[in-house]
Amino acid sequence: MSKRWSILAVGAIAVVASAHVGSPNVIFDGNAGPYPVRVVVRPPMVVPGRAEVIVQLRNGVDPTVKHVMIRPVFWRAGVAGAPVGDEAAPVPTARATYSGLLWLMAAGAYSVYVTVQGTRGAGTAVVPVMSFATGRLGFSPGLAILLALLGLVLVAALLTLVYAAVAESQLAPGEPLTPARRRRARIATAVALPAIALILFGGAKWWQSVDAEYQRTLYSTPKPTIEIRSAGGQNVLDMSTLDPTDRISALIPDHGKIMHLFLISRDGAGTFAHLHPTQLDSTNFRLTLPPLPAGAYRLFADVTTENATSLTLTSAVTLPQGMPGAAAGDSDDAWTTSASVPQIAPNAAAALGDGFSLAWTGAADSLRAGETTDLRFTVRDANGPVNRLEPYLGMAAHAVVMRDDGSVFIHLHPMGTISSATQAVFALRDRGDTTRTGHLPSADVTAAQQMADMPLGGTFAIPYEFPKPGRYRIWVQVKPKGRVLTGTFDVVVR
Amino acid sequence: MAIALDPGRTYTAELRSTAAPISVWHAYAVSFAAVCVMVGVYWDISWHMSIGRDSFWTPAHLVIQAGGLIAGLSSGYVALKTTFRGTDAERSASVGFWGFRAPFGAWICIWGCGAMLTSAPFDNWWHNAYGLDVQIVSPPHTVLALGIFSIVIGALMLTMALQNRATGAEARRLALLVSAVGGLFIMNFAVFITEYSERMMLHGTLFYQIVCVLFPFALCGLSRAGKLDWSATASAGAFMGVMLVLMWTIEQFPATPKLGPIYQHVGHMVSLSWPLWLVVPAVGIDWLRRRLDGRVSTATLAAVLGAAFLAAFMVVEWPFASFLVLNPAARNAFFNGNNVVYWATNAYVAHTHQFIPAPSAAVFARGIGIALVYAIGSSAVGLLWGRRLTAIRR
């Protein structure tokens, strides 16, 4: 068994997670009724496992707040099938902050329902969380040694028990052990040794099969099939999302689009495109490519299914030389190529074009992995900060964060990491508008995505937790005056 | 007559017939520990079926741990006492183990306690690595089950050694204790195969094959080793009695699932299904064994007992399973034919009220034929084991 341990001791296997790549923690800025809250959910690596939930009252200490309840709701079972909520306990080391642990028992779409109760009434925020096994814990050397020692002692003791069973246990009190019986006991022990070894071998094989089955169920990003061709003077990208694991069920629009597709150049050329393919049928999509430079690109495509699952599909594509460009297929498509990219630092600013710039107005300190950070920006024109932005896809701003090796990718908004479409699906499900087999009308989902109280000022903050240290690039998209503009920053996260 | 046991020490022949005084309370303590672990296991499974949320400190876990500690610590005390302060009678009724001395059963209990302790960090790692108890039967749970089983076996060995040495009224009292512990021994097997003996599986050949591997062994062994005329019957009766009392008691307590998704809103503790009707084949095994043991070869006896087991078990379990699964009259607190876990979907619940579709007659006959072979083999091993048990003296 010790050989098995050495195999397992290689450490935790990091695997990418769902509505994003490699960035499983969920952050939501919004309201639980009359109470503005920030909710952070750190899902477990394994399912069933415990998610850490942190609820922060965004207006600081509020004496009117009496209880903060957290409750895990599995999409398929709905609120009716959710266990009673737990009270989140105040965190002694942080102001106006509560925390608790919730068991996520099944794989699939969950929402953490955060209910704040107080003298101003009660309000609930729905925070969608994807529950997937994303890794397997390794053995620490200390635990491996401890278990190996205990195992050895147990095996040695078992052999002694076999010897004693045949030798002394069958003697009457005081009766001496004869050489013949002693020999029989030794033979029995010698036979027991390979038998025990065989049982241990069988146990190790069993463990291996459990492990292999577990590895098979680990989440991996769906890989679409991509074909790029020239047709009628245009570059066309055809995508098939047929997924052998059947995770991609009927899709619903998020921010009014059935798919948000991002092309990010790999060769340091600094090209970034946020595009919106057309859905041809349940698994096929088509996109007319804008005039992008030839070269290798990473492709990420965000979709939301009507059973409240958010998925990021990943692929790699190469745009050949000499392909003609074409006008944007969708008026919300936007792309940019940044020749020089500023590092995030106090007073750093990225050019947006059209006379606008985007200034970093966030923390002066360096950003740290695993800590909730406000990515704070201000849109400026020649006269200083602008007062108001136009909504772009229903939001004041969109941001895309990618680690330079592509191992982290996420699409963010001022409301956080969550997809507002999944939030809407949970709300509709609670209302009884959908069933496990029913279908949601797209219009209902779009209508249910709450944008009413969204601020559209020229200064905005996007909450995020960088999952691990490294070099990241952040693209921020805003619409100050009629056109979508993209600002690009680099940041080193420690 | 003096017998040399250890160099430099002598023992009188009278010692051989004297029960070591420390052994009796120890046998009762370890038997109580065996009750604790088995009741705790039952309670724990019920906890997972009804409430779900787990911690080291659930009452069911505490009862299991208490059982482990009672068995381990009392046996450890006996080992230290016998080794360093033991009377001649106590030392002469013990076996050596790495320089220490204690009754054979005490060492099995200590081993079981060690296995239970070992399973704790292993199981904790398992939960963190693969998720909480996706399956009952996992490698760390098997180590735990071996530890729990060892406590029951240790209790059986301790009581068996005392029974085999005792005479008169004490012998009968100890024989009753052996049969009671034998009931826990059977319960261990029955609980371990819970996932293979759900009610809709009770007409399947796999179920009969698994039953025929385990229970003829247990019943034949106990029938031969117990000093009662109806030892196997008493043990099977104790098993069914304990299971029924637990079933009827536990389901009286209110409980709410604390984990989701919840598909069945159970309002009380859910208990395990009606126990297997082992008392009926046990009567057959006791009756036949007493008439044939010593008159025919062990192989012949095993063939007769194995066939009798399968026939007697099927005669009662098959129609009872039909009642339990199909008849709405079984869906009440008495028969518990409607117990469901909170995470069972409605489709699954409907599935538990119909048998898994039967294979063709030929495939079924072949499956039952395999079960018969298993039953005969299991009976043979049980008879041989029973003979060894009658020889246990320390």
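This is a predicted model: local features need pLDDT of at least 70, side-chain atom pairs count only at pLDDT 80 or more; totals for chains, interfaces and linings use all residues.
Biologist: What span is expected for H2(A), and how far does H2(A) reach from its first C-alpha to its last?

Modeller: The expected span of a helix is 1.5 Å times one less than its number of residues. H2(A) has 26 residues and reaches 38 Å, which is close to the 38 Å expected. Helices are DSSP runs of H or I with at least four residues, strands are runs of E with at least two, and both are numbered from the N terminus. Chain A has five helices and 28 strands on that basis.

Biologist: Why does Pro173(A) count as buried?

Modeller: A residue is buried if 20 or more other C-beta atoms lie within 10 Å of its own, exposed if 12 or fewer, and partly exposed in between, with C-beta atoms placed from the backbone. Pro173(A) has 24 C-beta neighbours inside 10 Å and therefore counts as buried. Pro173(A) is found in the loop between H2 and H3 of chain A. Of the 494 residues of chain A, 42% count as buried.

Biologist: Which residues of H2(A) are buried, and against what do they pack?

Modeller: Leu147(A), Leu158(A), Leu161(A), Tyr163(A), Ala164(A), Ala165(A) and Val166(A) are buried. Their packing partners are H3 of chain A together with strand S3 (95-97) and helix H4 (104-130) of chain B.

Biologist: What makes Leu102(A) buried, and which residues is Leu102(A) in contact with?

Modeller: The count for Leu102(A) is 26 C-beta neighbours inside 10 Å, so the residue is buried. Leu102(A) lies in strand S7 (residues 97-104) of chain A. Two residues are in contact if their C-beta atoms, placed from the backbone, lie within 7 Å. Leaving aside neighbours within four places in sequence, the contacts of Leu102(A) include Arg50(A), Val53(A), Ile70(A) and Val112(A).

Biologist: How many residues does each chain give to the contact between chains A and B?

Modeller: Chain A gives 43 residues and chain B gives 42 residues. On the side of chain A that touches chain B, H2(A) gives the most, with 12 residues. By class, that side has 32 nonpolar, seven polar and four charged residues. Ala, Val, Leu, Ile, Met, Phe, Trp, Tyr, Cys and Pro count as nonpolar, Asp, Glu, Lys and Arg as charged, and the others, Gly among them, as polar.

Biologist: Why do S10 and S15 of chain A stand at the edges of their sheet?

Modeller: Two strands pair if DSSP finds at least two bridges between them. The open sheet has four strands in the order S10-S11-S16-S15 (chain A), with antiparallel pairing. Strand S10 (225-231) and strand S15 (278-279) each have a single partner strand, so one side of each is left without a neighbour in the sheet.

Biologist: How many bridges join S15(A) to S16 of chain A?

Modeller: Two bridges join S15(A) to strand S16 (residues 284-289) of chain A, so the pair meets the requirement of at least two bridges. The bridge partner of Gln279(A) in S16(A) is Phe285(A).

How values were computed: Residues are numbered from 1 along each chain as its sequence is written. Chains are lettered from A and ligands numbered from 1 in the order in which they are written.
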